[in-house]
Amino acid sequence: MSTKSRRDFLASAGRGFGAAAATSLLPGAFAGSGPLSPKAPHQAAQAKSVIYLYMHGGVSHVDTWDPKPELTRISGQTLPASFVKGLKTSRIDFTKALARGSAWPFRKHGQSGLEISDLFPHMAAHADDFALVRSCHGDAFDHAPAMYLHATGSQFPGKPSLGAWVVYGLGSENENLPAFVVMTDGAMKCGPQGYGAGFLPAVHQGTMFRAGSSPILDLATPDGVSGATQRATLDFVGDLDRKHLASRPFDSDLEARLASYELAFRMQSEAPDAVDISKESDATKRLYGIGEGLSDDFGRKCLLARRLVERGVRFIQLYSGTHLGDDWDGAHNDLTGSHTKMAAKTDKPISGLLQDLKARGLLDSTLVIWGSEFGRTPLGEGRNGRDHHPYAFSMWFSGAGVQGGRVLGSTDEFGLKPVENPLLAHDVNATILRMLGMDHLKLTYFYQGRDQRLTDVHGEHEFTKFLLGA
Amino acid sequence: MRRIAALFVASTALPALAADDTASKAIKVLSANCYQCHTKAMAMSELDLTSRASMLKGGAGGTVVVEGNPDSSKLIAAVERKGKLAMPPTKALGSEEVAVLRSWIGEGAAWPEHSTVSAAPAVTWWAFQKVSRPEVPKSGSPWVRNEIDEFILDGLRKDSLAPSAPAKPETLARRAYLDLLGLPPSIQQIREFAGNASPDAWPKLVDKLLASPHYGEKWGRHWLDLVRYSDTAGFELDGYIHDAWRYRDWVVDSFNEDKPYDQFVSQQIAADELAPEDPVAQTGTGLYCVGPNRDLFPDQADINREESLTDYADTTSSVFLGLTAGCARCHDHKFDPISQEDYYRLRAVFAPAVKRKVALNRLGSLGYDVSESVREWKLRELGDQIRAVQARCKDQVMSAKLSGLPEDAQEALRIGDGKRTQRQRELATEFADKARVGDEEIRACMTTQETASLHGIEKALVKMYAGYTSKPFACGLGDSWNVAPRTFLPGRGSNPAREVQPGFFSVLGGGEVPPPAEKRETTGPIPLMPTTGRRTALAGWIANAGNPLTARVMANRVWQFHFGRGLVATPSDFGTRGGQPTHAELLDWLASEFVSNGWSVKHLHRVIMNSAAYRQQSNPSKQSVDRDPTNLLLSHFSRRRMNADEIRDSMLLVTGSLNPKRGGRPVVPPLTDEEKENLTQRPDDAWVLTADDSEHSRRSIYLIQKRTFRLPMMEVFDAPDSMLTCPRRDSSTTAPQSLTLFNGSLTMGRSRAMAAKLVEEQPGDAAAVQTAWKKILAREPSAAESDRAIAFVKEQSGNAGGREAAMAELVRALVNLNEFLYVD
């Protein structure tokens, strides 16, 4: 929009609007106290934004973050019955399947000496920047329920997702971009309920950013319509709507709808700019592995994530893997092949993201999370595979004051179950909220007769203190 | 010792008259405030306060009364709301009441010798009281048109507010069409009504609209939202629920024929038992088929069964009773007097229930299964034949492809999957795409003879599937036998699990399910299994004028969809955490009017719409904005945005392309590639396009509704995702909505189509503008609007390159107007 037309719009809009409209309009909400206006957290916040790197399909913990020499030692044997009691997945029988040691050697990295496998050499270089949690566990052994459990606190789809809760609690810092952005490699097993708003108002749901210059659906001016045509029609709508509004006083809804068209127009210019990485330096692009074959695509997404954080986007959920193509779940039949490939796609981009955020001073206020819906069985599936293993898996946390190079929790000598600090999805979610300054007990929404929480009745093992090194 | 002493005092029955007086008072306090939950029957948290012995025994959390010591008595701490526990949960006791309990416990908590207080649950919450027809206030005001207005006026006057003037006939007509049909009226339809000065013009219009088959589509949609209807099962496989649409059509038809609501309810719960000879009625039990499920995950059959039973109980409770019973699955409800036992009694009703195929007609349904079985047998044979015909070419094409690859990759791909080395596995993955042989490549390589063989197979397939159409089955619910699996209340701590019998919520009067009747002989299309009769008993208890909730909840839902907000603002939560009604007596009047008019939903529409309250204009007065900004008292009509379905359907209608065809299998409309990105399955499988173009402009209720994917246009305008029951859609205002409505494929497609027609039929701009206005906004443009629009068309002819493109912009603008999107 030209300066003149924007000024005209605000001037004319001002006649019908409350004073709030011109200054605090947000994509989802209007009239000052809209659901997306920025809100103060319950307490001091460590992080302003979150980048959640989600490895879709299930990453093997015993091949990445959780070294198990004992597993390697007994490779090819069955495990004692006492260890596998109660464990169940779809494809393997824990009492019959054979232990399988990792094909990747583990080494100590950084000052801290964090042990990480050779699968992730680039991330390993940041060992001192992230805190590992090795004792996550759950009970959902299929992809979709496990993804819902992590995202919403319930295995059953339809509840609000973490990103939606965060935006509900904190609002948005940029009126021209969605507050909760989702980027994927394509279709995921969780579908939209993995980043949905559930029973929260729909404005809180994740907005899918697509590849290309028009990241939001219907953002681009339609084919065959020129910029001048678009503007003239928008002005025509505005004229008629203002006349309509003049005979309908006291209706903030009508005012908000009128303003939403101007906001849409502003998004049309701001969002393509946010996703335009052409002005980034070659050095920056190289940092993310852009232009290097396998890592190019995820590298672009990671760079985009940094650009969105810079622009005040609150929550970015970035998925690696699609079940209509490559994903981490290739580990059923081809653990080494698929994990090698998926690591090649993501390792350098993620390390580039950490380095770039740090260099720009953004890491201090951005919580970066690496996770997956579950780990993979320390026991083999077929000749070169591992099945789903929700009973123990690893995650890491970086930025926003997290003291890196440290480990929380541990699993038994085979990586089957946590033995110290077992943590549920609810504990992880409570921690993320706390890092953002929110108390998971206080962040509630009244629905179906009670004050609902992301953490349901759990979350008591919130571990912010550990992350902050306190 | 202390306890013995106290018992001694009590049992020797020597209390002074004054003490007995205190005790009586104390029991009155307990009865009025605590017996909703803490009776022998309810025993929430295992606490029964109706006898001295049970009170002293305490509850799940231990002792609650220490005789002689109020300060150590948890009961006192709870009513004084000092600690974590605050009781009663919904309202604090008065200080006098607390004082009575204190001194009573201080004096030893004796029980009065002749207590007159009943130990039956004291039901104090308004919604659990039986409906009684209230006295209608008599204002004598000329504004009043029917009883509804007396209640509304009474409320307004208490707040010194006055009702608004009636809306203009044009406004009223549009409101009525959109409220009842979900479609706007044409200018002719508006004129027909506005030009009729007779006093019964309005009731006649209401009757006419209620008789339209589009009525059931609009109100059926509300019901489908409520019952989380979908054509797919959800979760990662999102399998099709093939016959879900039969239930959808049954709902639409039921509204159209004004099926008495008690029947509508009963048929959904138990038509297999109540109407064993009527497969159409049994289609109603599809309510229990259209929910989310994981039936395609047989390895989790145990979890799935548990989830299904939970879904059946929760859905039944929230849809028909407006009660959120789900909490009680794991523990006694914290706020409503629904014990865990109550919940499991409801679940036990469904314990014998299983999904079943409802045979819609005897011969067709039996014949279908027979030919389907034959078809499947033949298909396997044809599959073998196809493989054999293609084998030679498949090998040949594959070899050609392999020869172009590096040698180690060739080797890796030739070796069977299981025998590859690590390096070979990597190579096989890397080169898999390059070695893939496509169907077209095989066809190109085939000899004439091979091609002829394949044609023969294709012919056989066509012959098998010619005439293949919808299955003559609906999905419904039935009992697996007349003996039910036992239902157990989960044990906790020292309490072992124990069996519960099917029955109904105590707070609503309770009741048991009688034992199963003798085996019934049925003469239906396909005789049914014998059943337990449990769901029949449940249906009789719910679809019953004596049930305090059923009629109130439905009357409130109907009211909500007319006024934008229910008299109870939480339409599926009539429990104590829900709201008090804004007009309690009006709600009871409506509920009793509903029941006494044969549970006719159309009668409810008539009384509501014939009221003066409904016919008010939608602009609030200054006083109303100041004193009642959310219009709880209804001093004016509340303007509303059209919902997603209404926007799409209206746009199709006014631009001249709505296909009014009713019912049938869901339509799968085209998606842009951009829109397809969000599908969670392969588009070939998950989005099987309906080939017939004319189907794509059917009403939205007939479009496929998937649990993992909503049409982007519907999603952005707050259509529910059908995972949870949706008693009321959001009505948000967002920039993405404007993007979709302004730039999206629906608007652009419709605008261009209508523009082509306008240009063809209207040579002059003024006439074209007038036509566009009349068709889209159902009115004539004012002179100023016409001038502005003509200038706009001229300007856009230059910008957009031609008159037709400019007309498309005109249409695009008009369907984006607030005037179009909102209902005054």
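Met183(A) has Leu318(A) as its bridge partner in S7(A), in a model that is predicted. That pairing belongs to a set of 4 bridges joining S5(A) to S7(A), and the two strands run parallel.

- Which way do the side chains of S5(A) go, and are they buried or exposed? Phe180(A) and Val182(A) point one way, Val181(A) and Met183(A) point the other way, and all are buried.

**The whole sheet in chain A**
- S5(A) sits in an open sheet of 8 strands, ordered S6-S5-S7-S1-S8-S11-S4-S12, with mixed pairing.
- The edges are S6 (207-208) and S12 (407-408) of chain A, each of which pairs on one side only.
- Helix H7 (residues 162-170) of chain A packs on this sheet, where it touches S1 (49-55), S5 and S7 (315-320), and its direction makes about 170° with that of S7(A).
- Helix H13 (residues 425-435) of chain A lies across S1, S4 (130-136), S8 (366-372) and S11 (393-398) of chain A, and runs at about 165° to S8(A).

**Where chain A meets chain B**
- The contact takes 63 residues from chain A and 67 from chain B.
- On the chain A side, helices H6 (143-152), H8 (227-246), H9 (252-275) and H12 (335-359) each supply at least two residues.
- By residue type, the side of chain A that touches chain B divides into 32 nonpolar, 18 polar and 13 charged.

**A helix pair in chain B**
- H16 (residues 362-403) and H20 (residues 448-465) of chain B have axes that come within 10 Å and cross at roughly 165°.
- Why call H16(B) and H20(B) roughly antiparallel? Angles over 145 degrees count as roughly antiparallel, and this pair therefore gets that label.
- The crossing of H16(B) and H20(B) is left-handed.
- H16(B) brings Arg375(B), Lys378(B), Leu382(B), Gln385(B), Ile386(B) and Val389(B) to the contact, meeting H20(B) residues that include Glu450(B), Leu454(B), Ile457(B) and Met464(B).
- The residues of this contact of H16(B) with H20(B) split into 8 nonpolar, 2 polar and 3 charged.

Methods. Residues numbered from 1 in each chain as written. Chains lettered and ligands numbered in written order. Predicted model: local features only at pLDDT ≥ 70, side-chain atom pairs only at ≥ 80, totals over all residues. Axes fitted to C-alpha atoms, helices over the stretch in contact; angles between N-to-C directions. Parallel < 35°, antiparallel > 145°, perpendicular 65-115°, else oblique. Left-handed = near helix turned anticlockwise from the far one by under 90°. Contact = placed C-beta atoms within 7 Å. Nonpolar A, V, L, I, M, F, W, Y, C, P; charged D, E, K, R; others polar. Pairing = 2+ DSSP bridges. Buried ≥ 20, exposed ≤ 12 C-beta atoms within 10 Å, placed from the backbone.
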